[in-house]
Amino acid sequence: MFKLAKKIFGSSSSRKIKEYNDIIDKINSFENTLKNLDDAKLSNKTIDFKNRINNGEKINDIIPEAFATVRETSKRTLGLRHFDVQLMGGLVLYEGAVAEMKTGEGKTLMATLPSYVNSLNEKNVHIVTVNDYLAKRDCEWMKDIYKFLGLKVNYINSSIDYSSRRQAYDSDVIYTTNNDL
């Protein structure tokens, strides 16, 4: 009976992947519209998203457009376009699950997607890395995306003083290490 049900409905993993692929299709559907926006209109999407959330729209309903906005911003600021597998990784992280990616597969870029969406709730987002070098490097590398979208980004590591640490905690997105947390 279990095998028959699995054959008809698929495994839970295959159903989840199908769900993610459906969302990725929605994200991709925004690409042409967003690439035709000028920088000011694209940058103002953050204000638009926050207003929509404040007016009762569910954050899950804006994820496809928000992810597409980050991807278009990344293309303009860094010359990097998120691949569909990075979009999927971003969706996994947004849901609070673990996304395993190998070195060089774009974890740093992928993390901009759920961190942007979570920042729309006007709460600080912490991106945790394993060492001071990566916290600073990743922050410096991705900061143009966040700044373009009107967010403050900073990093914390073991060598910064108390006032700099306090200033960093006032940012929307904060890169830090597990030891500093």
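What is the accessible surface of the chain, and what share of it belongs to carbon and sulfur atoms? The surface comes to about 10400 Å², and 51% of that belongs to carbon and sulfur atoms. The model is predicted.

## Overall fold

The chain has eleven helices and three strands. From the N terminus, the order is α-α-α-α-α-α-α-α-α-β-α-β-α-β. The radius of gyration is 18 Å, close to the 16 Å that the globule rule gives for 181 residues, so the chain is as compact as a globular protein of that length. The C-alpha trace spans about 60 × 40 × 35 Å along its principal axes.

Buried residues account for 41% of the 181 residues. Take the contacts between residues at least 6 apart in sequence: 65% of them join residues at least 24 apart. The chain carries 27 positive and 24 negative charges, and their mean positions are 5 Å apart.

## Thr 112

Thr 112 lies in helix α9, residues 112-119. Thr 112 counts as buried because its relative accessibility is 0%, under the 20% cut-off.

Beyond its neighbours within four places in sequence, Thr 112 contacts Val 70, His 82, Met 142, Ile 145 and Tyr 146. With His 82 there is a side-chain to side-chain polar contact of 3.2 Å.

## Lys 152

Lys 152 sits in the loop between α10 (132-148) and β2 (153-155). Its relative accessible area is 47%, so Lys 152 is partly exposed.

Leaving out residues up to four places away in sequence, Lys 152 touches Asp 170, Ser 171, Asp 172 and Val 173. A polar atom of the Lys 152 side chain lies 3.3 Å from the backbone oxygen of Asp 170. Ser 119 is 33 residues from Lys 152 along the chain, and their C-alpha atoms are separated by 10 Å.

Technical notes
Residues are numbered from 1 along each chain as its sequence is written. This is a predicted model: local features need pLDDT of at least 70, side-chain atom pairs count only at pLDDT 80 or more; totals for chains, interfaces and linings use all residues. Side-chain values use heavy atoms; hydrogens and water are left out. Helices (H or I, at least four residues) and strands (E, at least two) are DSSP runs, numbered from the N terminus. Buried means under 20% relative accessible area, exposed over 50%, partly exposed in between (1.4 Å probe, protein chains only). Contact means heavy atoms within 4.5 Å. A polar contact is a pair of N or O atoms within 3.5 Å; within protein, one must be able to donate a hydrogen and the other to accept it, and residues adjacent in sequence count only if both atoms are side-chain atoms. The radius of gyration is taken over C-alpha atoms; the globule rule is 2.2 Å times the number of residues to the power 0.38. Accessible areas come from the Shrake-Rupley method with a 1.4 Å probe; for residues, only the protein chains shown count as cover. Lys and Arg count as positive and Asp and Glu as negative; His and the chain ends are not counted. The place of a charge is taken as NZ of Lys, CZ of Arg, CG of Asp or CD of Glu.
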